[in-house]
Every structure is written in structure tokens, then in C-alpha cells.
Amino acid sequence: MEIQDKGYDLQIDEKKKKEVVNDCEENMEAIRDIYSEFNGIQEADQNVARQMMDRMKEIIKQNGNPVRGSDHYSVMENYQKMEMFLNAARQEEKDNVILYEIDIDGGITRKEYTYDGENMFVISAKMLWNDDTEPMLTYISLSKIKEWKYTEYGNFCYEVCVPEPPEVTEIVDGSCIIRVRPLNEECLEYSEKYVGPLGYQGNNLLCSNWNIENMQDLDYNGIFEYLYNMKYGGKI
């Protein structure tokens with residue numbers, strides 16, 4: 001009961017758990033041939049991994065549910081269904097939606113979001129391939145979402161309940177952001193070219209308030225290695 005009150009590691013009904021596992025297995029079976037074709041290649045080549053994930057997305061999107069790849073710029077297929085769920089939750093209407101994520105290892109993460117009219121919950125399940133190329137469940141969990149927001153730009157931001165000190169000695173980050181509404185082609189092009197290589201860690205260029213007349217607060221030491229890599233295509 002204590003764990004239930006904290007909102008994480010919630011008990012999953014056995015019937016529901018079986019439903020989730022069966023659904024994951026069916027989708028894994030649908031992409032088995034693609035995984036067999038790419039197995040052993042994707043970890044060495046990011047471009048090849050993206051090709052594999054894109055082909056798997058094309059298969060899984062046929063069930064009508066939202067699906068995305070695990071790379072930052074993956075476009076969510078059937079995003080309208082996710083958007084309908086979030087808009088209904090805004091109106092405090094009960095609803096649920098299933099989101100599939102194709103992982104770079106060729107497996108699937110299945111996230112089922114449910115809004116009960118007051119709170120939102122998520123069942124997360126991860127399935128990958130074992131050494132015999134058979135689907136294997138690695139985890140399944142049910143958590144309450146502490147807070148969430150769907151932004152005007154199409155981002156689903158939320159924070160799930162996680163263990164907190166003194167129960168754990170290190171901070172557990174329960175925050176997540178998922179792009180639901182796809183970027184237009186121009187935004188996607190610029191974002192991949194300029195935002196992706198810089199990021200938001202190790203430098204403060206994209207998270208500081210500066211302009212051409214006011215640049216003294218920029219961390220030039222931190223920025224340099226990122227700009228060097230963008231210009232010369234390699235590390236210092």
C-alpha cells in the first residue's frame with residue numbers, strides 16, 4: 001500500500017499484463033524479418049539503424065496506433081491519435097492510447113497511457129530479441145504520472161512518480177518529453193543541422209539569453225569543441 005501511494009511500481013492486473021505481453025509479441029513477430037536482415041549492423045552504423053527503424057515503423061503503423069523511432073528526430077506516425085488522447089485528457093475525459101517506440105537494438109518499447117478522469121498513468125513494457133532471435137520481455141511497469149502538459153508546439157511533457165531520497169541515494173529522473181506533432185521540413189532540417197550537434201549539455205549556447213551585443217555570459221570553452229566538430233566533422 002505504501003508503494004501504491006507513492007505512484008510507482010504499481011500492481012498490474014494479470015489479465016492486463018498478459019494483454020500487453022501478447023501485443024508486444026505480435027508486433028515483434030511482424031518485424032522479425034527486418035531485424036534478422038539488420039542484426040549486427042545497426043549498432044555500428046547510425047544511418048543503417050535509422051533505416052531499420054523506419055522500415056519497422058512502416059510495419060507497425062498499420063495497426064493504426066502511434067509509433068516512433070528512438071532517435072531524436074523520428075517522426076511519429078499516426079500522431080493524430082495521440083493528440084486526440086491528450087486533448088481529451090485536457091477536457092478531463094477518460095481515454096487511453098498506446099504508443100510504440102522502435103528502439104535502436106531492434107526491440108520495441110510499448111507505452112500505454114490511460115487517463116481516468118482525474119489522473120494519468122502509463123504502463124511501460126520493453127521487449128527485445130534474445131540470442132535465438134526470440135522476443136524476450138525485459139521489464140513491465142505501471143506508474144502514475146505526477147504532472148503533464150501538451151504544449152502548443154506539439155510536445156508531450158510529463159514526469160512519472162519515481163523513488164526519492166532517502167529511499168534512494170541518487171536522484172532518479174522521471175521526466176520525459178515526446179514530440180507528437182511532426183516538425184515541418186524546414187524546422188526539421190535546421191534542427192538536425194544546428195540544434196542536434198550542439199545540444200543542451202556541455203555548453204550554454206542554446207539555453208542562455210544572449211544577442212550579438214550581449215555575449216559575455218556564453219561559455220566559450222564549452223562551446224568550442226561542439227563548433228569545431230560542426231565545422232571540421234571531427235573531434236579536437
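**Figure 1. Crossing of helices α6 and α7 in the predicted model.** The axes of α6 and α7 (residues 220–232) come within 9 Å and cross at roughly 145 degrees; axes are lines fitted to C-alpha atoms over the stretch in contact, with angles running from 0 to 180 degrees between N-to-C directions. The crossing of α6 with α7 is right-handed, a term for a near helix turned clockwise from the far one by less than a right angle. K193, Y194, P197 and L198 of α6 meet Y226, L227 and M230 of α7, contact meaning heavy atoms within 4.5 Å. Six of these contact residues are nonpolar, none is polar and one is charged. Here Ala, Val, Leu, Ile, Met, Phe, Trp, Tyr, Cys and Pro count as nonpolar, Asp, Glu, Lys and Arg as charged, and the others, Gly among them, as polar. Helices (H or I, at least four residues) and strands (E, at least two) are DSSP runs, numbered from the N terminus. This is a predicted model, in which local features need pLDDT of at least 70 and side-chain atom pairs pLDDT 80 or more, while totals for chains, interfaces and linings use all residues. Residues are numbered from 1 along each chain as its sequence is written, and side-chain values use heavy atoms, with hydrogens and water left out.

**Figure 2. The largest pocket.** The volume of the largest pocket is about 1,300 Å³. Among its 48 lining residues, R68, D71, H72, Y73 and I177 are the closest to the centre. Helix α6 contributes the most to this lining, with eight residues. By class, the lining comprises 25 nonpolar, 14 polar and nine charged residues. On a 1 Å grid over the protein atoms alone, a pocket is an open set of points where a 1.4 Å probe fits, with protein on both sides within 12 Å along at least five of seven lines; lining residues have an atom within 4 Å of a point. Grid points are joined across faces, edges and corners, and the volume is the space filled by probe spheres set on them.

**Figure 3. The salt bridge between E134 and R32.** The closest N and O atoms of E134 and R32 are 3.4 Å apart. A salt bridge is a side-chain nitrogen of Lys or Arg within 4 Å of a carboxyl oxygen of Asp or Glu. Because E134 lies in the loop between β4 and β5 and R32 in helix α3 (residues 32–38), the pair ties together parts that are 102 residues apart in sequence.

**Figure 4. Backbone geometry in two loops.** The peptide bond from P165 to P166 is cis, with omega near 10 degrees; P166 is in the loop between β6 and β7. D9, in the loop between α1 (2–6) and α2 (14–30), has a positive phi, near 55 degrees.
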